[in-house]
Amino acid sequence: MPEQPDALALDRFLSARRAADPGGFSDLSLAVVKMLGSGEYVAAPAVAGGAATAGGNGQGHFGLAINDYAHSTAPNRRFPDLVTQRLLKAALSGEAPTYSDDQLAGIARHCTLQEDNASKVERQVLKAAGAWLLHGRIGDVFDALVTGAAAKGTFVRISSPLLEGWVVRGFEGLDVGDTARVRLLAVDAEKSFIDFERT
């Protein structure tokens, strides 16, 4: 991989790894997505030549390696879809844009916040269900993939059942993409906790 972020280089790398190791590709792609972090909605005004640029810097959608991009057709993106469709309808009919740049910037911030909130609730519900599912398996050891490593904690995903939890002991030195053996220490369905220690 090059020193500077490059979407096409990332695509070539992932395509080569998918061909070389199809069985391990889902773990690798998850690690890459986690390292990239979550996206955000940005109002991208058109520039000379008609191309839209994300925040004026031309990044567009990094993962897809395209500049002109708009979300659509996902159930969690109904309002962004509606905004995009209103803008397209106005442009196609030669009318003034439906929203000002300031309004679009506010809508983008709101949509990002709402999507983040929805993701938090989804993770909490999945962890609560997972904690309930694992309640009888305290002490079991699992193969795990590190999916998050930050000051707030280190998170791993086990594959059977497919769940994520927090490494509360022995997390030192673990980084996203690493594999480790972990022991289930505790679960709390009410608080959505699944706690592991590194073995």
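Begin at the second largest pocket by selecting M1, P2, E3, Q4, P5, D6, L10, F13, V32, M35, L36 and F62, the residues that line it. A pocket here is an open set of points on a 1 Å grid over the protein atoms alone, where a 1.4 Å probe fits, with protein on both sides within 12 Å along at least five of seven lines; lining residues have an atom within 4 Å of a point. The volume of this pocket is about 200 Å³, a volume being the space filled by probe spheres set on the grid points, which are joined across faces, edges and corners.

Colour the lining by residue class: nine of its residues are nonpolar, one is polar and two are charged. In this division, Ala, Val, Leu, Ile, Met, Phe, Trp, Tyr, Cys and Pro count as nonpolar, Asp, Glu, Lys and Arg as charged, and the others, Gly among them, as polar. Helices α1 (7–20) and α2 (25–36) each supply at least two lining residues, and α2 gives the most, with three.

The model is predicted: local features need pLDDT of at least 70 and side-chain atom pairs count only at pLDDT 80 or more, while totals for chains, interfaces and linings use all residues. Residues are numbered from 1 along each chain as its sequence is written, and side-chain values use heavy atoms, with hydrogens and water left out.

Next, display the whole chain as a cartoon. The protein chain holds four helices and five strands, in the order α-α-α-α-β-β-β-β-β along the sequence. Helices (H or I, at least four residues) and strands (E, at least two) are DSSP runs, numbered from the N terminus. Of the 199 residues, 26% count as buried; buried means under 20% relative accessible area, exposed over 50%, and partly exposed in between (1.4 Å probe, protein chains only).

Now select L134, F142, V156, I158, V182 and F196, which touch the most other members of the largest nonpolar core, a group of 15 residues. The elements α4 (101–134), β1 (141–150), β2 (153–159), β3 (162–169), β4 (179–188) and β5 (193–198) each supply at least two residues of this core. Apart from it lies another core, of seven residues, including V83, I107, A108 and C111. A nonpolar core is a set of buried Ala, Val, Leu, Ile, Met, Phe, Trp, Tyr and Cys residues joined through side-chain atoms within 4.5 Å.

Centre the view on I158. Leaving aside residues up to four places away in sequence, I158 touches L134, F142, D143, A144, L163, V182 and F196; contact means heavy atoms within 4.5 Å.

Select R181 and D143, whose side chains meet in a salt bridge at 2.8 Å, N to O. This pair links distant parts of the chain, with R181 in strand β4 and D143 in strand β1, 38 residues apart. R181 is partly exposed, at 42% relative accessibility.

Select R183 and E197 next: their closest N and O atoms are 3.0 Å apart in a salt bridge. R183 lies in strand β4 and E197 in strand β5, 14 residues apart. R183 is partly exposed at 29% relative accessibility, whereas E197 is buried at 14%.

The last stop is D140 with R137, a salt bridge whose closest N and O atoms are 2.9 Å apart. D140 is partly exposed, with a relative accessible area of 28%, and R137 is partly exposed at 31%.

Key. A salt bridge is a side-chain nitrogen of Lys or Arg within 4 Å of a carboxyl oxygen of Asp or Glu.
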